[in-house]
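Please examine the sequence and the model before reading the points below.

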Amino acid sequence: MSAPRFPVTYTADGVKKDFALGFSIIAGGHERIISNGVLLVNGTDYTIQNVTATKNSGWPTVHFPTAPTNTYALKFYRNTPLLPDSPNVEMGPRTALFAMYRKEEQENDQRLLVGSMAGGDFGQT
């Protein structure tokens, strides 16, 4: 399985409110959503629905209470914390998932850096 490429990008049409996140997350808040260059706040500017969804079950969904402005660029990044979000989390396979996601994010950051140094576009696949 190959690592997901970030960002997942969309262009808003001023009508659509729901967008596929395009990658798995462990919990809400493990994503960064940028609209037209502005970092949005989970729970205020958007919510994540179906957090545990995967590619096979339809991905988590980013829901905006108001449709983003027409032609705005939307960029979705996974942003897994370094450590589990609760000291009471069962630490077995979940720790491995945190580590795998962080490794994918680091590899993606390296691809973006190399692409920018070569004059390439960020996040393009």
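K103 and E107 lie four residues apart in helix 1, so about one helical turn separates them. The two residues form a salt bridge whose closest N and O atoms are 2.6 Å apart; a salt bridge here is a side-chain nitrogen of Lys or Arg within 4 Å of a carboxyl oxygen of Asp or Glu. The model is predicted: local features need pLDDT of at least 70, side-chain atom pairs count only at pLDDT 80 or more, and totals for chains, interfaces and linings use all residues. Residues are numbered from 1 along each chain as its sequence is written, and side-chain values use heavy atoms, with hydrogens and water left out.

**Exposure of the K103–E107 pair**

- K103 is partly exposed, with a relative accessible area of 48%; buried means under 20% relative accessible area, exposed over 50%, and partly exposed in between (1.4 Å probe, protein chains only).
- E107 is also partly exposed, its relative accessible area being 28%.

**Salt bridges involving E105**

- The structure holds four salt bridges.
- R78 forms one of them with E105, the closest N and O atoms being 2.9 Å apart.
- Because R78 lies in strand 7 and E105 in helix 1 (residues 93–117), this pair ties together parts that are 27 residues apart in sequence; helices (H or I, at least four residues) and strands (E, at least two) are DSSP runs, numbered from the N terminus.
- Both R78 and E105 are buried, and the relative accessibility of E105 is 6%.
- R102 forms a salt bridge with E105 as well, with 3.3 Å between the closest N and O atoms.
- R102 and E105 are three residues apart in helix 1, and about one helical turn separates them.
- R102 is partly exposed, at a relative accessible area of 21%.
- A network of salt bridges links R78, R102, E104 and E105.

**Largest nonpolar core**

- The largest nonpolar core has 17 residues, of which L21, F23, I33, Y46, V62, F64 and F76 touch the most other members; such a core is a set of buried Ala, Val, Leu, Ile, Met, Phe, Trp, Tyr and Cys residues joined through side-chain atoms within 4.5 Å.
- Strand 3 (31–35) and strand 7 (73–78) are the elements that give two or more residues to this core.
- Strand 7 gives the most, with three residues.
- Leaving aside residues up to four places away in sequence, V62 touches K17, D18, F19, L21, I33, Y46, T47, I48 and F76, where contact means heavy atoms within 4.5 Å.
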